[in-house]
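Here is a short note for someone meeting this structure for the first time.

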Amino acid sequence: MSLSIVILAAGQGTRMKSARPKVIHELAGKPLLQHVVDSCRALQPEQIFAVTGHAAEQVHAVMQGQDLSFVEQAEQLGTGHALAQCLDAITPGNDVLVLFGDVPLIRAETMAQIVEADDDAAVRILSFIPESPFGYGRILRQQDDSVRAIVEHKDASQEQLGIGECFSGIMSIRGDNLHQLVTSLDNKNAQGEYYLTDVVGIAVANGNTVSAILCVDPGEVSGINNQQQLAAVEALYRARQVDTLMTQGAKIFDPTRIDIRGEIKLGRDVQIDVNCVFEGNVTLGDNVRIGANCVIRNSSIAADSEIKPMTSIDEAVIGRGVSIGPFARIRPGTECEDEVKIGNFVETKQAKIGKGSKVSHLSYIGDTEMGSAVNIGAGTITCNYDGVNKHKTVIGDGVFIGSDTQLVAPVTVESNATIGAGSTITRNAPADKLTVSRAKQVTIDSWTKPVKQSGDS
Ligand code: UD1
Ligand code: MG
């Protein structure tokens, strides 16, 4: 049987107190709804719908360009009403898995448990026992322990509020029951909404069975309705990511002080010191060491390299045995070949730095192609921007650039050339020669030190 997935994402998220719709608030740098969409793809559904309504254009803009169909719920009349908007679009007979856009940590394995359970239930729900059940729908059971209904927090009696087992928001409905159940919903309840959760009571009243599968990890189905819950779920997500890294063998100096907002591919014996942030897709090869307070985004760092503290690396490709930092800023388009050394207060951008080359102190290297075994002295600047256009600097193999040199691009320093310290190089410097451009040093014999005048403060 084919599967259709419906993700409910039309609500405003009033409790977030934000101008942006709740489902595009970010968890670990990724919209809540995107987490759900990414996880559910593992089930290979025939269709994925996202029901949008409140500020739909904002949600569509964030989620565009994906294999995902949007269904409009013009008025947010409840979760059941949201699902009803999809009835015409769902392939007839398909089983339907309903997910909530504000329950982002749900794993594909758990979804599969619900979809693939071996029973004849018309409806299957994923339940859980949260630390605090406040706000969640409570699962009501019959005397024989079978599921009878879900009662929403706002509709629950005092006694029902004492029930610890709650509805996670994840539910599957068998294809041949879908229309009948969803079209039977009404809005006679405390919130005047069409509750999705009422399909449970309706199915039971029809004589169908409803099965509940208990999710053992309550964190996985934590719903996000306010900023506090968003922060709490972010902490859970962080813990989950760091746990995976440690399981893969990484040494994490303090698992509570690392943020992973994306995916890390890890080699063996990687070490990560405190307060590092990883964003997007990051690859760390064998024996890579990352010092404290580094931010690394969409970059790969090959084996045996060391990133020293306070370094930022963004969209860069770093070779083997490279040393970068402390206090380095490696910007997009930087490619360091093996054994490169980049020291403190060095900024690079669109720069290819050849094998074994060194930029050890206080330099800006932009729009540059640098060969191997080059030594760049402290305070060297590639002047790549003329105020309108960017130009390239080419530095050949084995070049030595003296300290405090400006290379005014476009310019080429040919291989094995030496540039004298304090030079401003505006024309190409030939291979194997010393090129210097600075005024000759003079000593003024007649000069005397100024003397402090009386009355001056
Ligand atoms: C819902 C459940 C509750 C469950 C909890 C789990 C209902 C009636 N209640 O409550 O039993 O314990 O989730 O987190 O289903 N949405 C729409 N259209 C609407 C209303 C909501 O698309 O008209 C979407 C929201 O964008 C959100 C999701 O449905 O992604 C859940 O809505 P929310 O208002 O957060 O429901 P809860 O009060 O959390
Ligand atoms: Mg919710």
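This is a predicted model: local features need pLDDT of at least 70, side-chain atom pairs count only at pLDDT 80 or more; totals for chains, interfaces and linings use all residues.

1. Helices and strands here are DSSP runs, numbered from the N terminus; a helix has at least four residues and a strand at least two.

2. Start with the largest pocket. Its volume is about 1,100 Å³. Its lining is made up of 36 residues. Which of them lie nearest the centre? They are Arg 15, Thr 79, Asp 102, Glu 193 and Asn 225.

3. Two elements give two or more residues to this lining: helix H3 (79-84) and strand E10 (166-173). E10 gives the most, with 3 residues.

4. Now the second largest pocket. Its volume is about 620 Å³. The lining has 25 residues. Closest to the centre are Lys 30, Tyr 237, Gln 241, Gly 262 and Glu 263.

5. Several elements give two or more residues to the lining of the second largest pocket. The helices are H1 (32-40), H4 (108-116) and H8 (227-247). The strands are E3 (30-31) and E13 (258-266). Which element gives the most? That is H8, with 6 residues.

6. By class, the lining of the second largest pocket holds 10 nonpolar, 8 charged and 7 polar residues.

Methods:
Residues are numbered from 1 along each chain as its sequence is written. Chains are lettered from A and ligands numbered from 1 in the order in which they are written. Side-chain values use heavy atoms; hydrogens and water are left out. On a 1 Å grid over the protein atoms alone, a cavity is a set of points where a 1.4 Å probe fits but cannot get out, and a pocket is an open set with protein on both sides within 12 Å along at least five of seven lines; lining residues have an atom within 4 Å of a point. Grid points are joined across faces, edges and corners, and a volume is the space filled by probe spheres set on the points. Ala, Val, Leu, Ile, Met, Phe, Trp, Tyr, Cys and Pro count as nonpolar, Asp, Glu, Lys and Arg as charged, and the others, Gly among them, as polar.
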